[in-house]
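Please open the structure in the viewer and keep the selection panel at hand.

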Amino acid sequence: MGGGEVVSEKLAARALGKRFDAGGRTVEALADVSFDVAAGEFVAIVGASGCGKSTLLRIIAGLESATTGEVLVDGRGVVGPDRDRAMVFQDYSLYPWLTVLDNIRFSLNLRVNRSAKSGGAPGVAVPSIAGSGVAGQGGEERALLLLELMGLEKVRNAHPHQLSGGMRQRVAIARALLAKPQLLLMDEPFGALDAQTREVMHDLILHILALEQRTILFVTHDVEEAVYLADRVIVLAPGPGHVDSIWRITLPPALERTQDLKLSPQFLAIESDILGRIRATSGLQSDLEALRRLTAREMIL
Amino acid sequence: MKHSLWVVRGPLSRRLYLLIATLSFCLWIAVWWAVTALELVDPLFLPGPGAVLRRSLGWLMDGSLLSDAGISVFRVTAGFLLSAVMALPLGLVIGAYRPVRAFFEPLLEFARYLPAVAFVPVVLLWVGIGESSKIMVIWIGTFFQMVIMLSEDVTRVPLPQIEAARTLGAGGGEIVARVLLRSSMPAMFDTLRITLGWAWTYLVVAELVAANSGLGYAILKAQRFLQTDRIFVGIIVIGLIGLGTDQLLRFIHRRIFPWAGARS
């Protein structure tokens with residue numbers, strides 16, 4: 001979308017590098033990672049375990065700092081976490097003492113959103129990023145809307161420990177969407193769910209996002225999930241983590257995708273190409289060689 | 001299908017649990033009674049259940065058992081509350097901020113190995129032999145442990161809860177008050193329940209050394225007159241008060257934190 005001369009990207013990662021100390025020796029987790037995400041785009045990051053995909057997402061969220069490079073949202077550099085980049089975690093991020101509705105409403109009672117409610121607040125915390133943030137009556141109504149959209153009305157007064165894993169992730173997504181974040185960051189949000197629940201969540205998220213028009217950066221190890229959900233898939237290769245390849249997914253638009261699509265030749269072709277890249281960049285190939293050598297040694301008794 | 005009771009970590013019905021627990025209690029009383037009734041042990045060393053029961057009734061009738069227990073409960077409560085009121089905010093900030101932990105931790109780790117009992121003479125020197133000396137001994141015995149345990153409760157709050165709050169726009173103070181405090185409350189409540197038990201230990205120490213009332217003092221006095229049965233009454237009463245408060249606090253815990261104990 002858009003020409004090359006205007007800043008049309010919502011998010012820009014510029015030459016991100018990350019080194020950290022692990023017991024005295026320096027580990028290079030990421031090196032020179034650059035990519036853009038356009039406004040309204042759904043980008044998935046996949047890669048072998050240890051390729052630094054979660055670290056990358058956490059740097060963009062501001063939960064960790066990059067050693068080199070910078071993260072730009074709407075052309076402005078970001079420092080530290082903020083509500084314009086809400087994050088959905090794999091699990092254990094809900095507040096067990098709050099009901100489902102109060103979990104979703106959590107950010108309404110935070111200072112950043114409260115002060116925007118009344119105009120008389122003494123000039124603090126005016127929303128820094130246009131478009132994000134929600135306050136007052138609008139926020140309460142939006143919480144109820146998200147409750148309904150996510151199919152959580154029946155459990156609005158339940159506590160998280162009474163919910164299934166899938167329902168808990170619906171709450172986490174609704175909570176993150178409440179303040180209309182510029183960027184929704186998802187770190188393997190369905191990684192702890194069973195296959196059937198995951199399928200339901202995939203269709204749910206495609207519909208919600210078509211309605212919400214958010215920009216998404218989604219980390220997963222599940223290539224099928226990435227291809228089904230994303231507009232583009234970035235393959236991150238390990239040692240240190242770098243962008244191996246970027247795949248544009250040309251499938252029917254989000255709302256026309258169904259589970260059957262996962263079995264179509266076109267879908268399977270993209271999926272196997274991406275899986276091939278991940279295998280080529282990980283150590284798994286050599287493990288297989290070692291296995292063949294071992295089994296060739298007539299060890300069967 | 002009938003399940004064996006001897007499956008490792010196997011299930012056990014509530015009814016059967018209570019039955020076994022009651023049997024155990026009766027069994028130990030019966031052993032106690034048998035040992036003394038058969039005069040296997042000199043009553044001076046181990047009085048029988050009957051003698052202890054008679055003594056406790058007599059002690060109760062002359063009114064001093066209740067007042068002794070009352071003053072002891074007061075001292076434990078005061079010393080424990082003083083510790084808790086100081087330890088809760090300190091434990092919370094130590095658990096929340098690493099620099100605060102770095103500042104206090106070495107001091108606390110050192111202080112918790114200080115023998116509270118050995119402080120009794122100095123405490124008497126500092127605050128005299130009034131109520132404050134007993135309260136202060138309990139404070140010395142419980143405070144340092146309590147701070148360390150409470151700060152550990154705070155550090156066990158799942159990281160995603162904190163990070164989710166940060167990406168939702170919460171500031172540092174808001175995370176401490178709305179996430180760390182709320183999330184660690186059930187664990188903190190348990191920590192307080194456990195340290196309350198220790199407070200009783202230090203109470204008896206304080207009363208043995210410097211008091212003229214209370215259950216600990218009564219035990220010391222009974223020792224002078226070789227009234228072993230009275231010593232046993234004192235010990236059993238402290239045990240019962242401890243057990244009662246513990247069960248009450250467990251009950252309250254279940255009522256006010258119904259969501260605790262399940263991770264989410």
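**The open sheet of chain A**

Select the strands β6, β7, β8, β3, β9 and β10 of chain A: in that order, the six form an open sheet with mixed pairing. Strands (E, at least two residues) and helices (H or I, at least four) are DSSP runs numbered from the N terminus, and two strands pair if DSSP finds at least two bridges between them. β6 (85-88) and β10 (242-248) of chain A stand at the edges with a single partner strand each, so one side of each has no neighbour in the sheet. From one strand to the next, the twist averages 20°, with axes taken as lines fitted to C-alpha atoms and angles running from 0 to 180 degrees between N-to-C directions.

The model is predicted: local features need pLDDT of at least 70 and side-chain atom pairs count only at pLDDT 80 or more, while totals for chains, interfaces and linings use all residues. Residues are numbered from 1 along each chain as its sequence is written, and chains are lettered from A and ligands numbered from 1 in the order in which they are written.

**Strand β3 of chain A**

Next, select residues 42-47 of chain A, which are β3(A); five bridges join this strand to β9(A) (residues 232-237), and the two run parallel. Within this pairing, A:Val43 stands opposite A:Arg232, and A:Gly47 has A:Leu236 as its bridge partner. Four bridges join β3(A) to β8(A) (residues 215-219), again in parallel; there, the bridge partner of A:Ala44 is A:Phe218.

Now colour β3(A) by burial: six of its six residues are buried. A residue is buried if 20 or more other C-beta atoms, placed from the backbone, lie within 10 Å of its own. A:Phe42, A:Ala44 and A:Val46 cover one side, and A:Val43, A:Ile45 and A:Gly47 the other.

**Where chain B touches chain A**

Show both chains: 17 residues of chain B are in contact with 26 residues of chain A, contact being C-beta atoms, placed from the backbone, within 7 Å. On the chain B side, α7 (159-167) and α8 each supply at least two residues, and α7(B) gives the most, with six.

**Helix α8 of chain B**

Finally, select residues 172-209 of chain B, helix α8, which spans only 47 Å between its end C-alpha atoms, whereas a straight helix of 38 residues would span 56 Å at 1.5 Å a residue. The expected span is 1.5 Å times one less than the number of residues. Centre on B:Met185, where a kink of about 55° lies shortly before the proline B:Pro186; the bend is the angle between axes fitted to the seven residues ending at a residue and the seven starting there.

Notes. Contact = placed C-beta atoms within 7 Å. Buried ≥ 20, exposed ≤ 12 C-beta atoms within 10 Å, placed from the backbone.
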